[in-house]
Amino acid sequence: MRFIFLGPPGAGKGTQAKLLSEKLGIAHISTGEMLRDAVRQGSEVGNRVKGIMDAGQLVSDQLMVELVQDRLQAKDCINGYILDGFPRTVAQAQALEVSLSSMGQKLSGVILFEVSGGDVQQRLLHRRTAEQRDDDAAKTQNERLRVYQSETAPLIDFYEKQGMLRRVSGAGSITEVQARVLSAVS
Ligand code: AMP
């Protein structure tokens, strides 16, 4: 069971990835969380990415691919994993294909969370207040959405052409969305 969760910031991917990983007993790999941990620890990687994250831009493909390649070797990935926030560019998706084939692994599917622009704005505002995330500061939000449209949205087509894409509406409560996710992965 190896899934990619795709969708704009504020679509509910992180919440749903956490729930599904617990339910299926597979790893939840959130690249955003990995980077925020690195920033909190003040590691070399953390210092390199902090400004980029605060600006709502993307960390380099090379760094991200290396981080994820390492992470996929960890023991907790043996039964499977959910990639939440990776890949975010076509180059990352292509690098992931190479890594997976070198490990003899195949993806089970890509879940696309579809939400309206209004819902996204509301959830981001809520998250900003609840989690006090620096990178969710108001001006950064717009940049993150812009970057999603230009860099990440092309992945929809990329995975659709491979017959991997499953669309899930991200509207409604956490429980409602969870039910849709469960039926999409089963
Ligand atoms: P997230 O928590 O997934 O929204 O990620 C927070 C921030 O981390 C993003 O706005 C990017 O700056 C950075 N980031 C996370 N994942 C990636 C990725 N796959 N490629 C590039 N940057 C990323």
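**Helix packing in a predicted model**

Me: Which helix is included in what covers the buried residues of H6?
Reply: In this predicted model, the buried residues of H6 are Val 120, Leu 124 and Arg 127. The cover over the buried residues of H6 includes the helix spanning 138–152, namely H7.

Me: Within what arc do the buried residues of H6 fall, seen down its axis?
Reply: An α-helix has 3.6 residues a turn, so residues three or four places apart point the same way. Val 120, Leu 124 and Arg 127 are the buried residues here. They line one face of H6, because their directions, viewed down the axis, fall within an arc of 65 degrees.

Me: Which exposed residues does the face of H6 turned away from its buried side carry?
Reply: Exposure here requires a relative accessible area over 50%. On the face of H6 turned away from the buried side, the exposed residues are Gln 122, His 126, Thr 129 and Ala 130.

Me: What is the handedness of the crossing of H2 and H3?
Reply: The axes of H2 (residues 31–41) and H3 (residues 44–54) come within 8 Å and cross at roughly 115 degrees. The crossing of these two helices is left-handed.

Me: How do the residues of the contact of H2 with H3 divide?
Reply: H2 contributes Gly 32, Leu 35, Arg 36, Ala 38 and Val 39. H3 contributes Val 45, Gly 46, Val 49, Lys 50 and Met 53. By class, the residues of this contact are six nonpolar, two polar and two charged.

Me: Is Pro 154 buried, partly exposed or exposed?
Reply: Pro 154 lies in helix H8 (residues 154–161). Beyond its neighbours within four places in sequence, Pro 154 is in contact with Val 90 and Gln 149. With a relative accessible area of 35%, Pro 154 is partly exposed.

Key
Residues numbered from 1 in each chain as written. Predicted model: local features only at pLDDT ≥ 70, side-chain atom pairs only at ≥ 80, totals over all residues. Heavy atoms only, no water. Buried < 20%, exposed > 50% of the residue type's maximum accessible area, 1.4 Å probe, protein only. Helix = DSSP H or I, 4+ residues; strand = E, 2+ residues; numbered from the N terminus. Arc of directions from axis to C-beta. Contact = heavy atoms within 4.5 Å. Axes fitted to C-alpha atoms, helices over the stretch in contact; angles between N-to-C directions. Left-handed = near helix turned anticlockwise from the far one by under 90°. Nonpolar A, V, L, I, M, F, W, Y, C, P; charged D, E, K, R; others polar.
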